[in-house]
Amino acid sequence: MSANQPEEPYVSPWSLYQRFIYGSQRAPPFSTSLVSLRELARAKLPAPAFWYIAGSAGDSQTEKNNTDAFKEWNIVPRMLVDANARDLRVNLFGTEYSSPVFIGPVGVNGIFHEDGEEAVARAARRLGIPAVMSTAATRSIERFAEQNGDGQRWFQLYWPVTDECTLSLLKRAKASGFTTLVVTLDTTLLGHRPNDLDTAYLPFLNGLGCQVGFSDPVFCERMGIEPCERFEDIWTKEQVKRCSMAWLGEVNSGVFRTWKDLAIIRDNWEGPILLKGIQTVEDALLAQEHGMDGIIVSNHGGRQIDGSISSLEALMSICSDPRISNPPTDTKPTKSPSARFPNRKLAVLFDSGIRNGTDVIKALSLGADAVLLGRPWVYGLALAGDKGVEHVLRTILSETDVSMGLMGARTVKELNEGLLRKSSRLRE
(Lines give C-alpha, C1' and ligand atoms only; values in the text may rest on other atoms or scores of the structure.)
Protein backbone atom coordinates (compact mmCIF):
# COMPACT_ATOMS: atom_id res chain seq x y z
CA MET A 1 0.00 0.00 0.00
CA SER A 2 1.42 3.41 -0.98
CA ALA A 3 1.69 6.24 1.52
CA ASN A 4 -1.16 8.09 -0.24
CA GLN A 5 -3.64 5.23 -0.15
CA PRO A 6 -6.11 5.17 2.74
CA GLU A 7 -5.73 2.31 5.16
CA GLU A 8 -8.24 -0.48 4.67
CA PRO A 9 -10.90 -0.48 7.44
CA TYR A 10 -10.69 -3.28 9.96
CA VAL A 11 -13.39 -5.88 9.39
CA SER A 12 -14.36 -8.31 12.13
CA PRO A 13 -13.67 -11.92 11.10
CA TRP A 14 -16.25 -13.54 13.35
CA SER A 15 -19.26 -13.61 11.00
CA LEU A 16 -17.16 -15.64 8.55
CA TYR A 17 -18.05 -18.76 10.54
CA GLN A 18 -21.66 -18.46 9.47
CA ARG A 19 -20.58 -17.98 5.87
CA PHE A 20 -18.22 -20.94 6.11
CA ILE A 21 -20.99 -23.27 7.31
CA TYR A 22 -23.34 -22.24 4.51
CA GLY A 23 -20.59 -22.16 1.89
CA SER A 24 -19.20 -25.58 2.75
CA GLN A 25 -22.69 -27.11 2.79
CA ARG A 26 -21.54 -29.23 5.71
CA ALA A 27 -23.26 -29.21 9.06
CA PRO A 28 -21.14 -28.07 12.01
CA PRO A 29 -19.93 -30.67 14.54
CA PHE A 30 -22.97 -30.00 16.71
CA SER A 31 -25.70 -27.42 17.10
CA THR A 32 -25.18 -23.68 16.80
CA SER A 33 -28.01 -23.24 19.31
CA LEU A 34 -25.86 -23.08 22.42
CA VAL A 35 -28.74 -23.68 24.83
CA SER A 36 -29.18 -27.13 23.27
CA LEU A 37 -25.62 -28.14 24.16
CA ARG A 38 -26.53 -28.73 27.78
CA GLU A 39 -28.57 -31.81 26.96
CA LEU A 40 -26.04 -33.06 24.41
CA ALA A 41 -23.35 -32.88 27.10
CA ARG A 42 -25.65 -34.53 29.60
CA ALA A 43 -26.04 -37.53 27.30
CA LYS A 44 -22.27 -37.89 27.00
CA LEU A 45 -20.90 -37.17 30.47
CA PRO A 46 -21.13 -39.31 33.62
CA ALA A 47 -23.92 -37.88 35.76
CA PRO A 48 -21.68 -36.54 38.57
CA ALA A 49 -19.44 -34.70 36.10
CA PHE A 50 -22.41 -33.25 34.23
CA TRP A 51 -24.10 -31.96 37.37
CA TYR A 52 -20.83 -30.55 38.65
CA ILE A 53 -20.91 -28.02 35.80
CA ALA A 54 -24.66 -27.82 35.15
CA GLY A 55 -25.79 -27.68 38.76
CA SER A 56 -26.21 -24.59 40.88
CA ALA A 57 -26.69 -23.57 44.48
CA GLY A 58 -29.94 -24.46 46.21
CA ASP A 59 -32.97 -24.60 43.93
CA SER A 60 -31.11 -22.83 41.09
CA GLN A 61 -33.05 -19.61 41.55
CA THR A 62 -29.96 -17.43 41.09
CA GLU A 63 -29.00 -19.23 37.89
CA LYS A 64 -32.55 -18.70 36.63
CA ASN A 65 -32.40 -15.04 37.63
CA ASN A 66 -29.19 -14.70 35.62
CA THR A 67 -30.65 -16.00 32.39
CA ASP A 68 -34.10 -14.44 32.87
CA ALA A 69 -32.57 -10.99 33.36
CA PHE A 70 -31.47 -10.94 29.72
CA LYS A 71 -35.05 -11.56 28.61
CA GLU A 72 -36.12 -8.33 30.29
CA TRP A 73 -34.20 -6.33 27.69
CA ASN A 74 -34.97 -6.21 23.97
CA ILE A 75 -32.75 -4.91 21.18
CA VAL A 76 -34.09 -1.98 19.15
CA PRO A 77 -32.54 -2.21 15.64
CA ARG A 78 -31.67 0.87 13.58
CA MET A 79 -31.89 0.75 9.78
CA LEU A 80 -29.80 2.20 6.92
CA VAL A 81 -26.61 2.25 8.95
CA ASP A 82 -23.36 1.52 7.12
CA ALA A 83 -22.36 -1.44 9.28
CA ASN A 84 -20.42 -3.26 6.58
CA ALA A 85 -17.06 -3.00 8.37
CA ARG A 86 -17.77 -4.08 11.94
CA ASP A 87 -15.15 -4.04 14.66
CA LEU A 88 -15.53 -6.22 17.77
CA ARG A 89 -12.11 -5.40 19.22
CA VAL A 90 -11.79 -4.10 22.77
CA ASN A 91 -8.85 -2.47 24.53
CA LEU A 92 -8.22 -3.15 28.21
CA PHE A 93 -5.18 -2.16 30.27
CA GLY A 94 -3.48 -0.91 27.10
CA THR A 95 -3.83 -4.28 25.34
CA GLU A 96 -5.97 -4.90 22.30
CA TYR A 97 -8.16 -8.00 22.24
CA SER A 98 -9.83 -9.23 19.05
CA SER A 99 -13.00 -10.24 20.88
CA PRO A 100 -15.21 -8.87 23.66
CA VAL A 101 -15.85 -12.49 24.71
CA PHE A 102 -13.20 -14.17 26.86
CA ILE A 103 -13.00 -17.81 27.91
CA GLY A 104 -13.99 -17.64 31.57
CA PRO A 105 -12.29 -19.65 34.31
CA VAL A 106 -13.85 -23.06 34.98
CA GLY A 107 -12.07 -25.68 37.04
CA VAL A 108 -11.58 -29.43 36.78
CA ASN A 109 -11.69 -29.58 32.98
CA GLY A 110 -10.28 -33.09 33.06
CA ILE A 111 -13.61 -34.52 34.21
CA PHE A 112 -15.24 -33.23 31.00
CA HIS A 113 -12.60 -34.32 28.48
CA GLU A 114 -9.35 -36.24 28.69
CA ASP A 115 -7.37 -33.29 27.30
CA GLY A 116 -8.67 -31.01 30.05
CA GLU A 117 -7.30 -27.46 30.13
CA GLU A 118 -4.84 -28.26 27.34
CA ALA A 119 -7.74 -28.37 24.89
CA VAL A 120 -8.99 -24.98 26.10
CA ALA A 121 -5.52 -23.44 25.83
CA ARG A 122 -5.13 -24.69 22.25
CA ALA A 123 -8.56 -23.47 21.17
CA ALA A 124 -7.93 -20.03 22.66
CA ARG A 125 -4.58 -19.76 20.86
CA ARG A 126 -6.07 -20.69 17.48
CA LEU A 127 -8.94 -18.24 17.88
CA GLY A 128 -6.83 -15.41 19.28
CA ILE A 129 -9.19 -15.12 22.25
CA PRO A 130 -8.02 -14.55 25.84
CA ALA A 131 -8.41 -17.53 28.15
CA VAL A 132 -8.61 -17.28 31.94
CA MET A 133 -7.05 -20.36 33.57
CA SER A 134 -8.54 -21.55 36.86
CA THR A 135 -6.50 -22.40 39.95
CA ALA A 136 -8.74 -25.50 40.16
CA ALA A 137 -7.21 -26.96 37.01
CA THR A 138 -6.28 -30.51 36.11
CA ARG A 139 -3.12 -29.22 34.45
CA SER A 140 -0.24 -27.14 35.77
CA ILE A 141 0.21 -23.43 35.10
CA GLU A 142 3.24 -24.23 32.99
CA ARG A 143 1.48 -26.89 30.92
CA PHE A 144 -1.42 -24.55 30.13
CA ALA A 145 1.02 -21.84 29.03
CA GLU A 146 2.92 -24.30 26.84
CA GLN A 147 -0.26 -25.32 25.03
CA ASN A 148 -1.43 -21.71 24.75
CA GLY A 149 1.84 -20.65 23.14
CA ASP A 150 1.68 -17.01 22.05
CA GLY A 151 -1.97 -16.72 23.08
CA GLN A 152 -3.34 -14.13 25.50
CA ARG A 153 -3.86 -15.64 28.94
CA TRP A 154 -4.99 -14.49 32.37
CA PHE A 155 -4.71 -16.41 35.63
CA GLN A 156 -7.61 -16.82 38.07
CA LEU A 157 -6.51 -17.12 41.68
CA TYR A 158 -8.33 -19.06 44.35
CA TRP A 159 -6.50 -17.23 47.08
CA PRO A 160 -4.36 -19.62 49.18
CA VAL A 161 -4.55 -19.17 52.94
CA THR A 162 -0.77 -19.03 53.33
CA ASP A 163 1.24 -16.17 51.87
CA GLU A 164 3.98 -18.58 50.80
CA CYS A 165 1.68 -20.48 48.44
CA THR A 166 0.05 -17.27 47.22
CA LEU A 167 3.38 -15.77 46.26
CA SER A 168 4.52 -18.99 44.61
CA LEU A 169 1.45 -19.10 42.36
CA LEU A 170 1.87 -15.45 41.41
CA LYS A 171 5.52 -16.03 40.56
CA ARG A 172 4.75 -19.09 38.42
CA ALA A 173 1.90 -17.35 36.58
CA LYS A 174 4.02 -14.33 35.77
CA ALA A 175 6.93 -16.51 34.62
CA SER A 176 4.53 -18.43 32.35
CA GLY A 177 3.28 -15.37 30.52
CA PHE A 178 -0.03 -14.74 32.27
CA THR A 179 -0.51 -10.99 32.00
CA THR A 180 -3.55 -10.33 34.19
CA LEU A 181 -4.63 -11.67 37.56
CA VAL A 182 -8.26 -12.46 38.43
CA VAL A 183 -8.83 -12.89 42.17
CA THR A 184 -12.04 -14.78 42.92
CA LEU A 185 -13.66 -13.58 46.15
CA ASP A 186 -16.90 -15.54 46.40
CA THR A 187 -15.69 -19.11 47.04
CA THR A 188 -14.15 -19.02 50.50
CA LEU A 189 -16.65 -21.79 51.17
CA LEU A 190 -18.35 -24.01 48.62
CA GLY A 191 -21.98 -23.04 48.13
CA HIS A 192 -24.87 -25.37 49.01
CA ARG A 193 -25.01 -27.46 45.83
CA PRO A 194 -27.58 -30.27 46.12
CA ASN A 195 -26.53 -32.04 42.92
CA ASP A 196 -23.02 -32.54 44.30
CA LEU A 197 -24.07 -33.10 47.89
CA ASP A 198 -26.65 -35.76 47.02
CA THR A 199 -23.98 -37.89 45.36
CA ALA A 200 -21.14 -36.84 47.71
CA TYR A 201 -19.23 -35.77 44.60
CA LEU A 202 -16.18 -33.60 45.16
CA PRO A 203 -13.51 -34.37 42.54
CA PHE A 204 -10.80 -32.51 44.48
CA LEU A 205 -10.72 -35.23 47.12
CA ASN A 206 -9.29 -37.56 44.46
CA GLY A 207 -6.75 -35.01 43.30
CA LEU A 208 -8.77 -33.79 40.30
CA GLY A 209 -8.58 -30.01 40.12
CA CYS A 210 -5.52 -29.89 42.40
CA GLN A 211 -2.80 -29.99 39.75
CA VAL A 212 -1.77 -26.37 40.26
CA GLY A 213 -0.97 -27.29 43.85
CA PHE A 214 0.56 -30.66 43.04
CA SER A 215 3.03 -28.94 40.70
CA ASP A 216 3.85 -26.13 43.10
CA PRO A 217 7.37 -26.30 44.62
CA VAL A 218 6.43 -24.48 47.83
CA PHE A 219 3.37 -26.61 48.54
CA CYS A 220 5.10 -29.87 47.61
CA GLU A 221 8.14 -29.12 49.76
CA ARG A 222 5.84 -28.65 52.72
CA MET A 223 4.17 -31.99 51.94
CA GLY A 224 7.51 -33.78 51.52
CA ILE A 225 6.89 -34.79 47.90
CA GLU A 226 8.27 -33.90 44.48
CA PRO A 227 6.18 -31.61 42.24
CA CYS A 228 4.72 -33.51 39.31
CA GLU A 229 2.59 -33.04 36.20
CA ARG A 230 0.65 -36.30 36.47
CA PHE A 231 0.21 -37.40 40.07
CA GLU A 232 -1.74 -40.50 38.99
CA ASP A 233 1.45 -42.03 37.61
CA ILE A 234 3.66 -41.73 40.68
CA TRP A 235 1.70 -41.10 43.89
CA THR A 236 -0.01 -43.67 46.09
CA LYS A 237 -3.69 -43.30 46.96
CA GLU A 238 -2.70 -42.28 50.47
CA GLN A 239 -0.42 -39.54 49.13
CA VAL A 240 -3.14 -38.29 46.79
CA LYS A 241 -5.70 -38.09 49.59
CA ARG A 242 -3.32 -36.41 52.01
CA CYS A 243 -2.16 -33.83 49.47
CA SER A 244 -5.69 -33.22 48.16
CA MET A 245 -6.98 -32.40 51.62
CA ALA A 246 -4.01 -30.14 52.27
CA TRP A 247 -4.46 -28.26 48.98
CA LEU A 248 -8.19 -27.84 49.63
CA GLY A 249 -7.20 -26.37 52.97
CA GLU A 250 -5.18 -23.80 51.05
CA VAL A 251 -7.61 -22.66 48.37
CA ASN A 252 -10.99 -23.46 49.94
CA SER A 253 -10.02 -22.80 53.50
CA GLY A 254 -13.14 -21.21 54.96
CA VAL A 255 -10.94 -18.28 56.05
CA PHE A 256 -12.64 -15.02 55.07
CA ARG A 257 -10.35 -12.24 53.90
CA THR A 258 -10.79 -8.49 54.30
CA TRP A 259 -10.00 -5.58 52.01
CA LYS A 260 -6.70 -4.83 53.71
CA ASP A 261 -5.47 -8.34 52.83
CA LEU A 262 -5.34 -7.35 49.16
CA ALA A 263 -2.09 -5.48 49.81
CA ILE A 264 0.07 -8.59 49.51
CA ILE A 265 -1.36 -9.33 46.05
CA ARG A 266 -1.09 -5.72 44.87
CA ASP A 267 2.51 -5.56 46.11
CA ASN A 268 3.51 -8.79 44.37
CA TRP A 269 1.76 -8.64 41.00
CA GLU A 270 3.01 -6.15 38.44
CA GLY A 271 0.14 -6.43 35.96
CA PRO A 272 -3.57 -5.64 36.12
CA ILE A 273 -5.64 -7.16 38.95
CA LEU A 274 -9.38 -7.76 38.75
CA LEU A 275 -11.65 -8.84 41.59
CA LYS A 276 -14.22 -11.45 40.55
CA GLY A 277 -17.51 -11.78 42.40
CA ILE A 278 -18.39 -8.09 42.84
CA GLN A 279 -22.15 -7.49 43.00
CA THR A 280 -22.58 -4.07 44.61
CA VAL A 281 -21.60 -0.47 43.97
CA GLU A 282 -20.11 -0.31 47.46
CA ASP A 283 -17.69 -3.15 46.75
CA ALA A 284 -16.80 -1.71 43.34
CA LEU A 285 -15.87 1.56 45.04
CA LEU A 286 -13.79 -0.30 47.60
CA ALA A 287 -11.98 -2.07 44.76
CA GLN A 288 -11.13 1.37 43.34
CA GLU A 289 -10.00 2.59 46.75
CA HIS A 290 -7.67 -0.39 47.21
CA GLY A 291 -5.87 0.06 43.92
CA MET A 292 -7.51 -2.66 41.86
CA ASP A 293 -7.56 -2.27 38.08
CA GLY A 294 -10.91 -3.87 37.42
CA ILE A 295 -13.80 -5.99 38.61
CA ILE A 296 -15.75 -8.90 37.19
CA VAL A 297 -19.42 -8.58 38.03
CA SER A 298 -20.30 -12.19 38.74
CA ASN A 299 -22.25 -14.45 41.06
CA HIS A 300 -20.29 -17.56 40.04
CA GLY A 301 -23.02 -18.59 37.62
CA GLY A 302 -25.47 -19.02 40.49
CA ARG A 303 -23.30 -21.72 42.06
CA GLN A 304 -22.66 -20.04 45.41
CA ILE A 305 -25.75 -18.31 46.87
CA ASP A 306 -29.29 -19.23 45.90
CA GLY A 307 -31.91 -16.51 45.70
CA SER A 308 -29.53 -13.62 45.01
CA ILE A 309 -29.85 -10.89 42.40
CA SER A 310 -28.95 -11.54 38.80
CA SER A 311 -25.48 -10.60 37.70
CA LEU A 312 -26.97 -8.37 34.97
CA GLU A 313 -28.92 -6.40 37.58
CA ALA A 314 -25.70 -5.91 39.52
CA LEU A 315 -23.93 -4.78 36.34
CA MET A 316 -26.58 -2.14 35.63
CA SER A 317 -26.41 -0.84 39.18
CA ILE A 318 -22.62 -0.55 39.15
CA CYS A 319 -22.21 0.93 35.68
CA SER A 320 -24.96 3.52 36.15
CA ASP A 321 -23.47 4.88 39.35
CA PRO A 322 -21.68 8.19 38.59
CA ARG A 323 -18.94 7.38 41.10
CA ILE A 324 -17.98 4.52 38.78
CA SER A 325 -18.92 5.90 35.36
CA ASN A 326 -17.86 9.52 35.88
CA PRO A 327 -15.94 10.10 39.11
CA PRO A 328 -15.04 13.63 40.25
CA THR A 329 -12.39 15.33 38.12
CA ASP A 330 -9.75 15.21 40.82
CA THR A 331 -10.08 11.41 41.12
CA LYS A 332 -10.20 10.54 37.43
CA PRO A 333 -7.37 8.33 36.21
CA THR A 334 -4.59 9.76 34.08
CA LYS A 335 -5.07 6.67 31.92
CA SER A 336 -8.21 4.60 32.23
CA PRO A 337 -7.95 0.80 32.15
CA SER A 338 -10.83 0.92 29.66
CA ALA A 339 -10.36 2.58 26.27
CA ARG A 340 -14.12 2.52 25.77
CA PHE A 341 -14.90 4.34 29.03
CA PRO A 342 -12.02 6.80 29.55
CA ASN A 343 -13.49 8.29 32.74
CA ARG A 344 -13.57 5.00 34.60
CA LYS A 345 -10.92 4.09 37.14
CA LEU A 346 -11.96 0.44 36.89
CA ALA A 347 -12.47 -1.92 33.99
CA VAL A 348 -15.85 -3.62 34.44
CA LEU A 349 -16.18 -7.13 33.03
CA PHE A 350 -19.19 -9.42 33.35
CA ASP A 351 -20.11 -13.07 33.67
CA SER A 352 -23.04 -15.25 34.77
CA GLY A 353 -25.92 -15.90 32.38
CA ILE A 354 -24.40 -15.42 28.90
CA ARG A 355 -25.91 -18.03 26.60
CA ASN A 356 -25.82 -16.46 23.11
CA GLY A 357 -24.54 -13.57 21.05
CA THR A 358 -27.40 -11.21 21.82
CA ASP A 359 -26.74 -11.72 25.54
CA VAL A 360 -23.20 -10.52 24.83
CA ILE A 361 -24.58 -7.42 23.09
CA LYS A 362 -26.95 -6.66 25.97
CA ALA A 363 -24.22 -6.93 28.61
CA LEU A 364 -21.90 -4.69 26.57
CA SER A 365 -24.73 -2.21 25.97
CA LEU A 366 -25.39 -2.00 29.71
CA GLY A 367 -21.81 -1.05 30.45
CA ALA A 368 -19.57 -4.13 30.45
CA ASP A 369 -16.14 -3.73 28.85
CA ALA A 370 -16.07 -7.43 27.97
CA VAL A 371 -17.79 -10.65 29.03
CA LEU A 372 -16.57 -14.04 30.21
CA LEU A 373 -18.27 -17.17 28.91
CA GLY A 374 -18.62 -20.19 31.17
CA ARG A 375 -20.88 -23.22 30.89
CA PRO A 376 -21.44 -23.26 27.09
CA TRP A 377 -17.76 -23.73 26.26
CA VAL A 378 -17.53 -26.49 28.86
CA TYR A 379 -20.32 -28.33 27.10
CA GLY A 380 -18.40 -27.89 23.85
CA LEU A 381 -15.29 -29.29 25.53
CA ALA A 382 -17.23 -32.35 26.69
CA LEU A 383 -18.58 -32.96 23.21
CA ALA A 384 -15.46 -32.51 21.09
CA GLY A 385 -12.42 -31.31 23.05
CA ASP A 386 -10.61 -28.29 21.64
CA LYS A 387 -12.66 -28.42 18.45
CA GLY A 388 -15.81 -28.24 20.57
CA VAL A 389 -14.57 -25.22 22.50
CA GLU A 390 -13.64 -23.56 19.22
CA HIS A 391 -17.07 -24.25 17.73
CA VAL A 392 -18.86 -22.70 20.72
CA LEU A 393 -16.72 -19.56 20.67
CA ARG A 394 -16.98 -19.15 16.90
CA THR A 395 -20.74 -19.59 17.15
CA ILE A 396 -21.33 -17.00 19.86
CA LEU A 397 -18.98 -14.49 18.23
CA SER A 398 -20.56 -15.02 14.82
CA GLU A 399 -23.99 -14.33 16.28
CA THR A 400 -22.66 -11.27 18.11
CA ASP A 401 -21.06 -9.93 14.92
CA VAL A 402 -24.07 -10.58 12.68
CA SER A 403 -26.56 -9.20 15.22
CA MET A 404 -24.54 -6.02 15.72
CA GLY A 405 -24.69 -5.40 11.99
CA LEU A 406 -28.41 -6.06 11.84
CA MET A 407 -29.08 -3.66 14.72
CA GLY A 408 -26.95 -0.91 13.20
CA ALA A 409 -23.94 -1.06 15.51
CA ARG A 410 -20.52 -0.93 13.87
CA THR A 411 -18.25 -1.16 16.92
CA VAL A 412 -18.41 -2.24 20.54
CA LYS A 413 -17.97 1.43 21.46
CA GLU A 414 -21.31 2.22 19.80
CA LEU A 415 -23.23 -0.19 22.03
CA ASN A 416 -25.20 1.59 24.74
CA GLU A 417 -28.43 1.34 26.68
CA GLY A 418 -30.21 3.46 24.06
CA LEU A 419 -30.13 0.46 21.73
CA LEU A 420 -32.14 -1.59 24.21
CA ARG A 421 -35.64 -1.34 25.60
CA LYS A 422 -37.05 -2.87 28.75
CA SER A 423 -39.74 -5.42 28.00
CA SER A 424 -43.15 -3.73 27.97
CA ARG A 425 -44.64 -6.36 30.25
CA LEU A 426 -42.05 -5.48 32.89
CA ARG A 427 -42.11 -1.70 32.59
CA GLU A 428 -43.51 0.12 35.58
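Biologist: How many cavities of 30 Å³ or more does a search of the whole structure find?

Modeller: Start with the general idea. Rolling a probe the size of a water molecule over the atoms shows where empty space is left. This model is predicted. Here the search gives 2 cavities of 30 Å³ or more.

Biologist: What is the volume of the largest cavity, and which residues lie nearest its centre?

Modeller: Its volume is about 580 Å³. The lining has 32 residues, with Pro105, Val106, Tyr158, His300 and Arg303 nearest the centre. Helix H3 (47–54), H11 and strand S11 (370–373) each give two or more residues to that lining. H11 gives the most, 3 residues. By class, the lining has 14 nonpolar, 12 polar and 6 charged residues.

Biologist: And what lines the second largest cavity?

Modeller: This cavity holds about 60 Å³ of space. Of its 13 lining residues, Asn109, Val120, Val132, Met133 and Phe144 are closest to the centre. Helix H5 (116–127) and strand S5 (131–133) each supply two or more lining residues. S5 has the largest share, 3 residues. The classes are 9 nonpolar, 3 polar and 1 charged.

Biologist: Now the largest pocket. How much space lies in it?

Modeller: A pocket is open, whereas a cavity is a space the probe cannot get out of. The largest pocket has about 720 Å³. Among its 29 lining residues, Leu185, Asp186, Thr187, Thr188 and Phe256 are the closest to the centre. Helix H11 (237–251) and strand S8 (273–278) each supply at least two lining residues.

Technical notes. Residues numbered from 1 in each chain as written. Predicted model: local features only at pLDDT ≥ 70, side-chain atom pairs only at ≥ 80, totals over all residues. Heavy atoms only, no water. 1 Å grid on protein atoms, 1.4 Å probe; cavity = no way out; pocket = protein on both sides within 12 Å on 5 of 7 lines; lining within 4 Å. Points joined across faces, edges and corners; volume = space filled by probe spheres on them. Helix = DSSP H or I, 4+ residues; strand = E, 2+ residues; numbered from the N terminus. Nonpolar A, V, L, I, M, F, W, Y, C, P; charged D, E, K, R; others polar.
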